[in-house]
Amino acid sequence: MKFSVKVTLKNDVLDPQGKVIKQTLQNMGINTLKSVRQGKFFEIEIDENNEVKAKNKIEDMCKKLLVNLIIEDFEIYKI
Amino acid sequence: MNSSVIVFPGSNCDRDIAVALEKLQFRNKMVWHKDVDLPKSDLIVVPGGFSYGDYLRSGAIAAKSNILNEVIKAANNGCLILGICNGFQILTETGLLGGVLLRNKNLKFISKDVYVKVINTENRFCNKYKKDQILQLNIAHNEGNYFTNKEHLKELEDKNLIAFKYSDENGNLNEENNPNGSLNNIAGIFNSKKNILGMMPHPERTIDQVTSNVDGVNLFTSLLS
């Protein structure tokens, strides 16, 4: 079973990389650009048959290692 | 006093801190990250470097290594723990210290001498310094931008758990002398029991008049007293 995990910085956390990317895109002439936030993406394959159980395990992985909950939020999707 | 320095793949300040500890009469042992037993230690140092190549987040992988379980147990039993630079990042990732070190505000690796102000001297690490003393210490990091939530920041300020703040040479705290964008110019913090200190500057680099000033010496002599 395969899942993807999207990790994003919480709204109140400054994202200097996103800021520089936004600036660069604007310099490239994209005038309608409003904001850019940079995040992380994981693809995880797990040997489970039960989707709920598998999702719980992925959530556990996120909380214990993949995500720092002080600064990041995450969302899990089945793929 | 017995000390242990934890070594990860990618640690690069482990020898420097060992030299500093031995010069100041600690009986020091190096401990590899895969070890499951800690030597008897009064002080455990988690050194600077780029443990595991900074993969995932700085310090995140090291925080889950075998030996860190032992460090966490020792810390909870009151052992003195010092995390320097990447060591500070690792301690925040374990949860032994609150908050997190984000990418420097200017997105650049910063390697330079900076001024820091000693904020709290009533603890095992800083008792040989004077309150508000200004030290010149070296920083060398890409992720030193201290961030935490409002409640924890208030706790740090109210309970006097901030060890050092970035300042100018006269002790003024302002954004101009905040090299990496840290909240409230924070350069080092304690846990609530003050047996754990995490700091971004490298005191082990300023222990010998031949190569630098000696502003780092008193951190180690404080521990011995």
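**A loop, a helix and a contact**

Modeller: The model is predicted. In it, A:Met28 has 9 other C-beta atoms within 10 Å, and is therefore exposed.

Biologist: In which loop does A:Met28 lie?

Modeller: One end of this loop is helix H1 (16-27) of chain A. The loop that holds A:Met28 is the one between H1 and strand S2.

Biologist: What distance separates the C-alpha atoms of A:Met28 and A:Asn50?

Modeller: Along the chain, A:Met28 and A:Asn50 are 22 residues apart. Their C-alpha atoms are separated by 47 Å.

Biologist: What does helix H2 of chain A span between its end C-alpha atoms?

Modeller: H2(A) covers residues 51-66, and a straight helix of 16 residues would span 22 Å at 1.5 Å a residue. The span of H2(A) in the model is only 20 Å.

Biologist: Against which strands do the buried residues of H2(A) pack?

Modeller: The buried residues are A:Ala54, A:Ile58, A:Cys62 and A:Leu66. They lie on the same side of H2(A) because they cover an arc of only 85° around the axis. On the other side, exposed residues include A:Val52 and A:Asp60. The buried residues pack against three strands of chain A: S1 (2-9), S2 (39-45) and S3 (72-78).

Biologist: How many nonpolar residues are on the side of chain B that touches chain A?

Modeller: Twelve residues of chain B are in contact with eight residues of chain A. On the chain B side, four are charged, three are polar, and the nonpolar ones number five.

Technical notes. Residues are numbered from 1 along each chain as its sequence is written. Chains are lettered from A and ligands numbered from 1 in the order in which they are written. This is a predicted model: local features need pLDDT of at least 70, side-chain atom pairs count only at pLDDT 80 or more; totals for chains, interfaces and linings use all residues. Helices (H or I, at least four residues) and strands (E, at least two) are DSSP runs, numbered from the N terminus. The expected span of a helix is 1.5 Å times one less than its number of residues. A residue is buried if 20 or more other C-beta atoms lie within 10 Å of its own, exposed if 12 or fewer, and partly exposed in between; C-beta atoms are placed from the backbone. The arc is that of the directions from the helix axis to the C-beta atoms. Two residues are in contact if their C-beta atoms, placed from the backbone, lie within 7 Å. Ala, Val, Leu, Ile, Met, Phe, Trp, Tyr, Cys and Pro count as nonpolar, Asp, Glu, Lys and Arg as charged, and the others, Gly among them, as polar.
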